[in-house]
Amino acid sequence: MPSRKTVEHAQKDLREGKSPSTAAGEFVREEIEHIREGKHGARSTEQAIAIGLAKARRAGIPLKPPAKGKTSSRTRKSATKDYESGQRSPKARAPNRKRSAASTRRLKQEPHTAASKAALSRHAKRVAKRKG
């Protein structure tokens, strides 16, 4: 569950006319901070970013799922599901506690180096190179 402050920052970005990806960046930043604080880990920087984007979509940020050919079909399906759940009115039902605990337990076993400055820098350079 994202913090109230993160959601407020993201909504402020949207009100200012910034793009949904900029607003979603607040959630990614929060996720990086969680890893650095030791709340949980991530296998890679990509995973940390993906977790943040998924949270943004579920929180109602109108961030569209990736286009066909950009990512795997599994990622696209997951993103579509998150996007749709965020666009609906909030559910009255609480999240599944067992599933939530299981995913948190798994993430706690992952390394914390994915959020280091060096890892983020390497990731940014690799993505920039790919974009040309």
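Helix packing and a buried histidine in a predicted model

User: At what angle do α3 and helix α4 (residues 73–87) pack?
Analyst: In this predicted model, local features need pLDDT of at least 70 and side-chain atom pairs count only at pLDDT 80 or more, while totals for chains, interfaces and linings use all residues. Residues are numbered from 1 along each chain as its sequence is written, and side-chain values use heavy atoms, with hydrogens and water left out. With axes taken as lines fitted to C-alpha atoms over the stretch in contact, and angles running from 0 to 180 degrees between N-to-C directions, the axes of α3 and α4 lie 6 Å apart and the packing angle is about 35 degrees.

User: Which residues of α4 does α3 meet?
Analyst: Contact here means heavy atoms within 4.5 Å. From α3, the residues Ala54, Arg57 and Arg58 take part, and their partners in α4 are Ala79, Asp82, Tyr83, Ser85 and Gly86.

User: Why do the buried residues of α1 line one face of the helix?
Analyst: Thr6, Ala10 and Asp13 are buried in α1, where buried means under 20% relative accessible area and exposed over 50% (1.4 Å probe, protein chains only). On the other side of α1, Arg4, Lys5 and Arg15 are exposed. The buried residues line one face because, seen down the axis of α1, they fall within an arc of 55 degrees.

User: What is the relative accessible area of His40?
Analyst: His40 sits in the loop between α2 and α3 (45–58). Apart from neighbours within four places in sequence, His40 has contacts with Glu31, His34, Ile35, Leu107, Lys108 and His112. His40 is buried, and its relative accessible area is 8%.

Technical notes: Helices (H or I, at least four residues) and strands (E, at least two) are DSSP runs, numbered from the N terminus. The arc is that of the directions from the helix axis to the C-beta atoms.
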